[in-house]
Amino acid sequence: MNTAGQGRQRGHSEPDILTRLLQKAVDVKADEVRALVLGFVYYFFILSSYYVIRPIRDEMGVAGGVENLPWMFTGTLVAMLIANALFAALVTKFSRRRFIPIAYRFFIANLLIFYALLALVPQGQQIWVGRSFFIWTSVFNLFVVSVFWAFMADIFSTDQGKRLFGFISVGGTLGGILGAAITATLVQRIGALYLLLISAALLELSAQCVRFFPLSYEGSRESLRREAAVAEAPIGGGIWSGIVHDLRSPYLLGICAYMLLYAITSTLLYFQQASIASSAFADRSARTAFFAQIDLLVNILTIFIQAFLTGRLLKWLGVGVTLALLPALSVIGFTGMGIFPALSLLVIFLTLRRAGNFAIARPAREVLFTVVSREDKYKAKSFIDTFIYRAGDQIGAWSAPLMGSLGLSMAGISLVAAPLAAIWLFISLWLGRKQVAMTREHTPSDSTPAQPLAAAPLLEGAEQ
């Protein structure tokens, strides 16, 4: 038996039962099981780490003054630029198995610094620590998730992404549920301070996941070494090349527009939610219960769609149509809210939109990056997922009160948002067609998408 056959035999010997179980929910091949499970666990730890500290961030934001929130969001934008430059410098000099853990451990070090500051600074003087933590967490959330999906787009091919990204997303949803449960259960027992350490520990577990991913593909031992050497070589390029590529590439610029319109319409919907809920519920506890019920509905619906529908939708409908489902829903929802701004319609629209984003739009959007160069997967993508997203937040946050000052009611704002969603829909379809064309025209190069992963042991001497 040749080397490749022996590798396949080793790869199939252990996960037979696991493969059969997974194949009931997701279209996974035996040689993809290891990477699929690791992606699931990796995303689980990432979002559980964030959701442990998310309530702490929100409380500190309120304590810092609600009137100061817009300025804290502006501070987040500036911090995003700095974080992107630092990360791009890592990407330029180190391999992905080194720069990803380094980036995560930088955030772990930050958590330990905040732990020390909150423990040592007198309570009455912690206002600026809290505001800094709000900005830091807003950067942390988008950044670590963006790096995760960049790695997934680098590991998996377009075909694999269509089949597997939905199931991998289930890990993140479950991690978010666990993280929120940890904080809800322990915050009154051990205090918010020690939750920072729990978040740091979960983030370190996510960094450890990176080293166990398969490095290579099926083939002879020599070809495996060559492919691993290419995959693990430093990416190079300039610190600001991600921003430059976003502006020069129509495809990446289209993804920027997609993200910007998603963020703007999300913020406009958030203002509608706050306004309608404020009118419908006079009691703060009732409003809190209302939001909690929506969160519960969203999580249940998201897990079901991610586990059983996302991969199949991407396979049946393609990336473009799947991407267009969320903006199409938004056109219908905003139009309905413009005609009939009722609480019941808001609940339906909000639940379907949020679940649709987590379960369908996010995995489909990540497939778009499987056909770009490795440099763009980490640099250009990071800028889109962080700075462009927060810029959309800012535009939406300032647009809603501006339109209100011009005399537009919530119904009027909805009717303004509906055509924005229509533009978003057409951009989605264009991106889908462009992605298919780029996949077909791909030639072997640095940007070639990954082939099916072999679930074989790590190569001898591979960087860990």
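## Glu 366 and Lys 381

Glu 366 has a relative accessible area of 0% and is buried (under 20% relative accessible area; exposed is over 50%, partly exposed in between; 1.4 Å probe, protein chains only). Lys 381 is buried too, at 0% relative accessibility. The model is predicted: local features need pLDDT of at least 70, side-chain atom pairs count only at pLDDT 80 or more, and totals for chains, interfaces and linings use all residues. Residues are numbered from 1 along each chain as its sequence is written, and side-chain values use heavy atoms, with hydrogens and water left out.

The side chains of Lys 381 and Glu 366 form a salt bridge, 3.0 Å from N to O (a side-chain nitrogen of Lys or Arg within 4 Å of a carboxyl oxygen of Asp or Glu). Lys 381 sits in helix 16 (residues 380–405) and Glu 366 in helix 14 (residues 343–367), so the bridge ties together parts 15 residues apart in sequence. Helices here are DSSP runs (H or I, at least four residues), numbered from the N terminus. A network of salt bridges links Arg 362, Glu 366, Lys 381 and Asp 385.

The salt-bridge count is 11.

## Within helix 16

Arg 390 and Asp 393 meet in a salt bridge of 2.7 Å, N to O. They are three residues apart in helix 16, so about one helical turn separates them. Arg 390 is buried at 8% relative accessible area. Asp 393 is buried at 11%.

Conventions
Helices (H or I, at least four residues) and strands (E, at least two) are DSSP runs, numbered from the N terminus.
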